[in-house]
Amino acid sequence: MSADDHGFAEKNIVTLPQYLEELNVEKDLASTLCQAASACIEISAKLKTLPITSYLEDDVREGDTNVQGEIQKPMDVVANEIFVNTLENHVAALASEEEEDIMFPFLPVRSGIGDYEKEHAFSKSGRNLLAAGYTVYSSSLELVISVTKEDGELIASGFTLADDQFLQRHSEWEENSGIDANKFILSRPNMKCPESGSYYSLNDGREPDWPLGLQKWIHDAKRGQTPSTTVYSSRYVCSLCADVHRTFIKGGWAGNPRPHLRLLYEAAPLAHIAEACGGRGSDGVRNLLDITPKALHDRTSVFIGSRNDIRELESYGDVQQCKKTYKV
């Protein structure tokens with residue numbers, strides 16, 4: 001779908017606020033998404049100089065543990081503080097892996113986000129998500145969001161943070177330069193995940209601990225012996241959003257067979273985006289969007305990506321690894 005499909009002239013600049021307005025996203029939800037986008041910009045700026053500031057200020061912020069007993073890295077703490085400070089006056093409640101209890105339906109996932117319906121927000125399945133998103137921090141800053149439209153249809157699009165030089169070359173942007181979120185320019189309209197792919201993404205180093213079904217699929221996939229006869233290659237960054245982002249673009253699947261990722265604010269939001277892209281999110285047995293959480297920090301196995309690849313993986317059975325903790 002081109003920009004024309006949303007009423008915008010082809011190749012014209014479309015900012016995040018304009019995109020949300022064109023989709024008739026409810027005002028408060030649109031505002032929340034824009035505030036989250038602003039938080040992501042601030043996090044990106046912090047990342048660029050983190051090694052310098054950590055050294056000069058002797059403030060590495062490592063050693064503490066979060067509610068799950070994991071050692072916090074510097075940006076875990078910094079990003080959490082930025083999201084909390086940015087969103088506290090814009091949301092009813094907030095949950096994060098860095099906070100033991102509900103703070104104040106918008107959920108940061110290290111820069112993945114999910115906005116649930118307000119009533120009993122943390123006790124509903126992902127089918128109740130109104131929006132979700134994630135950011136990928138690299139040489140460019142990309143924000144991908146999915147929105148549940150008024151008719152129930154899901155749509156996902158990607159935005160890239162424009163630098164000052166780019167914005168100065170486009171005078172039409174100046175009229176819309178009131179808030180930081182306007183710096184996010186539509187760059188991947190109506191994203192579509194390929195129905196099938198040729199890549200899988202998980203930590204091959206854990207293969208001895210995998211269940212037999214998953215071992216069998218990986219064995220067959222490398223040799224073109226799955227039902228699809230595709231010969232798969234492995235691509236793995238060990239960054240959830242980065243691996244999922246590549247998967248949505250190139251196809252295949254990314255995941256973690258352990259019950260490690262948090263259902264409410266990692267797995268379900270990413271599954272919402274997958275569904276909006278025409279893909280699928282699964283725990284290896286069922287759609288992640290159909291799982292109702294029992295507790296705030298519930299964890300689950302996760303496999304996200306091309307619809308056909310996920311269904312083929314599920315058909316092997318026994319792909320969920322038992323809970324296990326690794327030091328690295």
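This is a predicted model: local features need pLDDT of at least 70, side-chain atom pairs count only at pLDDT 80 or more; totals for chains, interfaces and linings use all residues.
Y134 is buried, and its relative accessible area is 0%.

Y134 has a ring partner, F248, and the two form a tilted aromatic pair, with 6.4 Å from centre to centre and 35° between the planes. Since Y134 belongs to strand β3 and F248 to helix α6, this pair ties together parts of the chain that are 114 residues apart in sequence. F248 is buried as well, with a relative accessible area of 1%.

Let me now turn to the surroundings of this pair. Y134 and F248 are among the residues with the most contacts inside the largest nonpolar core, a set of 27 residues; I273, C277, L288 and I304 are the others named in that group. Which elements give two or more residues to this core? They are β3 (129-137), α6 (240-250), β9 (253-262), α7 (263-276) and β11 (299-305). Helix α7 gives the most, with eight residues.

After α7 comes G278, which has a positive phi, near 90°. As for I273, leaving aside residues up to four places away in sequence, it touches A132, G133, Y134, V144, S146, A156 and F248.

I come next to the cysteines. How many disulfides does the structure hold? The number is zero. A disulfide is a covalent bond between the sulfur atoms of two cysteines. Consider C277, a residue of the largest core. The cysteine sulfur closest to that of C277 is in C193, at 6.5 Å, which is too far for a bond; the cut-off applied here is 2.5 Å. Is C277 buried or exposed? C277 counts as buried, because its relative accessibility is 1%. C322, by contrast, has a relative accessibility of 64% and therefore counts as exposed.

Y200 lies in strand β7 (residues 199-201) and W217 in helix α5 (residues 212-223), so the pair ties together parts that are 17 residues apart in sequence. Both partners are buried: Y200 has a relative accessible area of 2%, and W217 has a relative accessibility of 0%. Y200 and W217 also belong to one aromatic cluster, together with Y232, W253 and F303.

I close with the chain as a whole. The chain has eight helices and 11 strands. It comprises 328 residues, of which 51% count as buried. The accessible surface comes to about 15500 Å², and carbon and sulfur atoms account for 47% of that area.

Note on methods:
Residues are numbered from 1 along each chain as its sequence is written. Side-chain values use heavy atoms; hydrogens and water are left out. Helices (H or I, at least four residues) and strands (E, at least two) are DSSP runs, numbered from the N terminus. Buried means under 20% relative accessible area, exposed over 50%, partly exposed in between (1.4 Å probe, protein chains only). Accessible areas come from the Shrake-Rupley method with a 1.4 Å probe; for residues, only the protein chains shown count as cover. A nonpolar core is a set of buried Ala, Val, Leu, Ile, Met, Phe, Trp, Tyr and Cys residues joined through side-chain atoms within 4.5 Å. Contact means heavy atoms within 4.5 Å. Rings of Phe, Tyr and Trp (its six-membered ring) pair if their centres lie within 6.5 Å; planes under 30 degrees apart count as stacked, over 60 as edge-to-face and the rest as tilted.
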